[in-house]
Amino acid sequence: MTQVARDIERRSRAALSRLMEPQDAAGLALVQVAGAVDALRIATGEVAAGPDMEREITALLTDGGSAAVWAGMANALKRWKPRIPDLAPERDLETMARLGGRLIIPSDDLWPAQLADLGIQEPICLWWRGQEQRLPDAATAVAIVGSRDSTSYGASVTGDMAYSLAQRGFTVVSGGAYGIDAHAHRAALAGASDSLPTIAVMAGGVDRFYPSGNEDLLRAVCNQGAVLAEVPPGSAPTRYRFLQRNRIIAALSAVTVVVEARWRSGALNTAHHAETLGRAVGAVPGSVHSANSAGCHRLLRDGGAVCVTDAAEVAELAGPSGSALPDARQGQSAVQDGLTLEDLILLDALPLRSTTSVEKLSTVAGLGQESVRAGLGRLGLLGLAVSERGGWKRGKATS
């Protein structure tokens with residue numbers, strides 16, 4: 001494909017992503033049968049589909065088990081027509097360029113090959129905010145999802161698991177939401193090795209970080225990892241889109257781990273997508289008295305989920321033969337070995353030369369001020385933090 005042809009296809013897919021909702025079976029079938037450029041011309045009424053193409057689409061949807069939602073091309077055109085005046089792919093592409101992002105399409109080298117496992121439900125494109133770098137193969141990516149109203153238990157398990165997985169070179173994939181998602185992203189960033197530490201898959205446009213309370217976290221994910229969405233800039237994160245993006249989280253990853261989930265939870269939807277794709281599913285057990293773990297126990301009892309309790313067990317699921325497990329690290333032990341996740345995050349937040357306040361550390365590390373003060377006391381005893389003129393910085397023991 002020439003560069004000119006690739007640019008035309010990119011603009012066409014940008015427009016289609018605004019015209020069609022995620023997992024629009026009729027639209028995705030049209031793109032697969034006609035190609036993105038002609039699909040846009042048909043969808044906007046510039047050219048007619050013709051009976052032969054309708055039959056191809058019907059056959060494709062029947063094979064994919066989506067024939068029930070197909071009421072013919074005329075009905076699909078009627079659905080898409082109200083959005084045609086809003087199509088402005090050049091504007092959307094310029095918005096992404098201004099944000100330091102890009103749009104990737106299936107013919108790009110940067111496109112994650114594992115998304116092809118979604119078949120007809122493969123996204124039309126991905127709007128990508130972050131540094132340009134190769135996204136990981138499924139074998140080195142793990143999805144960690146769970147409840148938005150996570151407990152301290154869920155936060156602790158998620159933090160330890162995500163941090164250790166990132167240390168092992170895995171990329172942690174999640175949805176950028178409050179609760180388990182946020183703990184997974186934050187810990188993966190803290191444990192980042194040379195590989196891309198974490199990916200956040202958004203339900204709305206990547207031009208606006210959502211939820212707003214996670215803006216600083218998602219900005220950090222953007223700077224060190226990647227923030228992705230299949231909907232264009234300016235798109236609202238509707239409930240429907242939250243459910244649809246879950247298939248992308250599952251498809252990007254070799255394993256989907258549910259840490260905490262209520263009986264009816266969006267995290268269970270992600271696990272269902274993973275099972276449908278033949279991916280491994282792990283569930284973290286919790287208290288039988290905790291409603292936040294009811295969904296995990298449901299997966300363990302009724303589904304194909306495997307009980308997992310730490311990063312080593314998750315890594316084993318990612319590579320059943322053990323091929324995904326890294327070689328044991330050699331070298332002398334460091335003084336920070338054995339620190340809790342909170343203390344490691346706090347240590348990373350401490351400046352090397354100038355001092356900073358407890359309040360500032362609380363903001364940077366994402367910890368409560370009481371936790372920061374307690375952590376500074378522990379780090380101070382180890383020589384990892386020192387207090388000067390009422391402020392704090394790293395101690396010489398870290399050098």
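Trainee: What pLDDT does the protein chain average?
Mentor: This is a predicted model, and its protein chain averages a pLDDT of 90. Of the residues, 94% score at least 70.

Trainee: Where is the pLDDT below 50?
Mentor: That applies over residues 322-331. Beyond near neighbours in sequence, the stretch has 10 contacts in the model. Where pLDDT is low, the predicted coordinates should not be read in detail.

Trainee: Now the sheet. How many strands form the open sheet, and in what order?
Mentor: Nine strands form it, in the order S1-S2-S6-S5-S4-S3-S7-S8-S9, and their pairing is mixed.

Trainee: Which strands stand at the edges?
Mentor: Strand S1 (101-104) and strand S9 (306-307) do. Each has a single partner strand, so one side of each is left without a neighbour in the sheet.

Trainee: Is the pairing of S8 with S9 parallel or antiparallel?
Mentor: Strand S8, residues 280-283, pairs with S9 in the parallel sense, over two bridges. Opposite Val306 in S9 stands Gly282.

Trainee: Which strands does helix H11 lie across?
Mentor: Helix H11, formed by residues 266-276, lies across strand S3 (141-145), strand S7 (255-258) and S8. The helix runs at about 155° to S7.

Trainee: Let us turn to helix packing. At what angle do H7 and H13 pack?
Mentor: Helix H7 (residues 152-167) packs against helix H13 (residues 311-318) at about 55°, and their axes are 9 Å apart. H7 and H13 are therefore oblique to each other.

Trainee: Is that crossing of H7 and H13 left-handed or right-handed, and which residues make the contact?
Mentor: The crossing of H7 and H13 is right-handed. H7 contributes Met161, Ser164 and Leu165, while H13 contributes Ala311, Val314 and Ala315. By class, this contact of H7 with H13 has five nonpolar residues, one polar residue and no charged residues.

Trainee: And H14 with H16: what angle is there?
Mentor: Helix H14 (residues 341-349) and helix H16 (residues 369-381) pack at about 85°, with axes 10 Å apart. An angle of 65 to 115 degrees counts as roughly perpendicular, and H14 and H16 are therefore roughly perpendicular to each other.

Trainee: Which residues meet there, in H14 and in H16?
Mentor: From H14 there are Glu342, Asp343, Leu346 and Leu347. They meet Ser371, Val372, Gly375, Leu376, Arg378 and Leu379 in H16. By class, the contact of H14 with H16 has five nonpolar, two polar and three charged residues.

Trainee: What about S10 and S11: do they run parallel or antiparallel?
Mentor: Strand S10 (residues 385-388) and strand S11 (residues 391-394) run antiparallel and are joined by four bridges. One of the paired positions is Val386, whose bridge partner in S11 is Lys393.

Trainee: What is the phi of Gln23, and where is Gln23 found?
Mentor: Gln23 has a positive phi of about 60° although it is not a glycine. Gln23 is found in the loop between helix H1 (3-19) and helix H2 (25-34).

Trainee: One last topic: which residues does a cis peptide bond join?
Mentor: A cis peptide bond joins Tyr210 and Pro211, with omega at about 0°. Pro211 has its place in the loop between strand S5 (198-201) and helix H9 (215-224).

Key
Residues numbered from 1 in each chain as written. Predicted model: local features only at pLDDT ≥ 70, side-chain atom pairs only at ≥ 80, totals over all residues. Heavy atoms only, no water. Axes fitted to C-alpha atoms, helices over the stretch in contact; angles between N-to-C directions. Parallel < 35°, antiparallel > 145°, perpendicular 65-115°, else oblique. Contact = heavy atoms within 4.5 Å. Nonpolar A, V, L, I, M, F, W, Y, C, P; charged D, E, K, R; others polar. pLDDT = per-residue confidence, 0-100. Left-handed = near helix turned anticlockwise from the far one by under 90°. Pairing = 2+ DSSP bridges.
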